[in-house]
Every structure is written in C-alpha cells, then in structure tokens.
Amino acid sequence: MAAGPTARAAGIGTSSFAWGLVWRSRVVWHLAAIYFAFGFSYVIYATFFIRFLVGEGGFSAREAGLLWLEVGLVSVVSGFIWGGISDRWGRRVALMGVFALQGASFLLFGATHAVAAVYLSAGLFAITAWSVPALMAASAGDVFGARLAPAAIGLMTVVM
C-alpha cells in the first residue's frame with residue numbers, strides 16, 4: 001500500500017505502546033475509508049436483495065431466498081480467490097478488481113429487472129463479497145506487521 005510511517009519502517013518492536021503509530025497513520029485511515037465504502041455498499045445490497053427480487057423482480061420468496069443462499073455458498077471462497085490474486089499482483093490490483101466487479105454488480109442490479117442481469121449481478125457479488133475483509137487484513141499486515149495489524153484491522157472495522 002502507500003508509503004507512510006509504519007511499524008516496520010520505524011523499526012518498532014513488539015511494544016504495545018507503538019499502537020499510536022496505527023492511529024496516526026495516514027495509510028490506516030485511507031484503508032479505513034476504503035473499508036467504509038465496502039461496508040456501506042455491501043450492506044445496502046444485502047439488505048434489499050431479496051426484497052427487490054420479490055417486490056419488483058418477479059421472483060417468489062423461495063426463488064429469491066435460494067438465489068441468496070447460492071450467493072452465500074459461492075462467497076465463502078471469495079477471500080481465497082482474491083487473496084491469491086493479491087499475493088501475486090498486489091493488494092491494490094486486487095482491490096481495484098474487486099471494486100470494479102462489485103460496481104458492475106450493483107449497476108446491473110439497479111439498472112434492470114432482467115433475470116439474466118440479476119443472476120450475473122449475484123454471481124459478481126458472490127465471487128467478491130468477502131474478499132475485502134481478507135484484503136484489508138492482509139494490507140494491515142503488510143503495512144503494520146504482525147504485532148500491530150490487529151490494532152489496524154480493529155480501527156478499520158470500527159470505521160466500517
């Protein structure tokens with residue numbers, strides 16, 4: 001991620017008093033803003049998915065529920081998929097890919113009631129859904145090291 005005062009760069013050991021580096025870091029606040037954007041968008045999608053499908057999409061409650069179940073099952077592997085991509089090509093590339101696919105998913109879902117678009121939207125969401133928490137955790141580890149990563153993840157999660 002972006003350069004900034006990190007635990008590794010500062011040569012800080014395992015002292016818990018170094019947590020101030022996390023709170024004062026521009027990098028952690030940048031990551032927290034990205035995590036907030038993810039949280040805001042995924043909560044809206046997840047909250048209204050079934051309601052939209054039943055109310056306006058022509059799906060029965062059972063059909064909509066089964067589709068959401070499939071999204072959930074597929075999403076279990078999303079962190080592994082995008083974690084592997086981020087390990088190979090970098091966190092930034094992985095996050096950009098995830099957000100591009102999620103953006104396409106949200107646009108498809110909001111723009112049309114076509115059944116194919118709904119399924120494509122659900123599929124795109126499913127393969128990216130839980131990758132962002134995994135990428136945020138990996139980014140925190142990259143920037144702050146193993147000792148301070150939990151503090152960074154905690155701050156980012158509170159902001160989310």
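Author: A salt bridge is a side-chain nitrogen of Lys or Arg within 4 Å of a carboxyl oxygen of Asp or Glu, and in this structure Asp 87, Arg 91 and Asp 142 are linked in a network of such bridges. The model is predicted, with local features needing pLDDT of at least 70 and side-chain atom pairs counting only at pLDDT 80 or more, while totals for chains, interfaces and linings use all residues. Residues are numbered from 1 along each chain as its sequence is written, and side-chain values use heavy atoms, with hydrogens and water left out.

Reader: What makes the pairing of Arg 91 and Asp 87 a salt bridge?

Author: The side chains of Arg 91 and Asp 87 meet at 2.9 Å, N to O, and the limit is 4 Å, so the pair qualifies.

Reader: Why is Arg 91 called buried, and what are Asp 87 and Asp 142 called?

Author: Buried means under 20% relative accessible area, exposed over 50%, and partly exposed in between, with a 1.4 Å probe and protein chains only. Arg 91, at 14%, therefore counts as buried, whereas Asp 87, at 60%, counts as exposed, and Asp 142, at 35%, counts as partly exposed.

Reader: Why is H6 called roughly antiparallel to H7?

Author: The axes of H6 (residues 91–111) and H7 (residues 115–126) come within 8 Å and cross at roughly 155°, where axes are lines fitted to C-alpha atoms over the stretch in contact and angles run from 0 to 180 degrees between N-to-C directions. Angles under 35 degrees count as roughly parallel, over 145 as roughly antiparallel, 65 to 115 as roughly perpendicular and the rest as oblique, so H6 is roughly antiparallel to H7.

Reader: How do you know that Ser 121 is buried, and which residues is Ser 121 in contact with?

Author: Ser 121, found in helix H7, has a relative accessible area of 0% and is therefore buried. Leaving aside neighbours within four places in sequence, Ser 121 is in contact (heavy atoms within 4.5 Å) with Tyr 45, Ser 105, Leu 108 and Phe 109.

Conventions
Helices (H or I, at least four residues) and strands (E, at least two) are DSSP runs, numbered from the N terminus.
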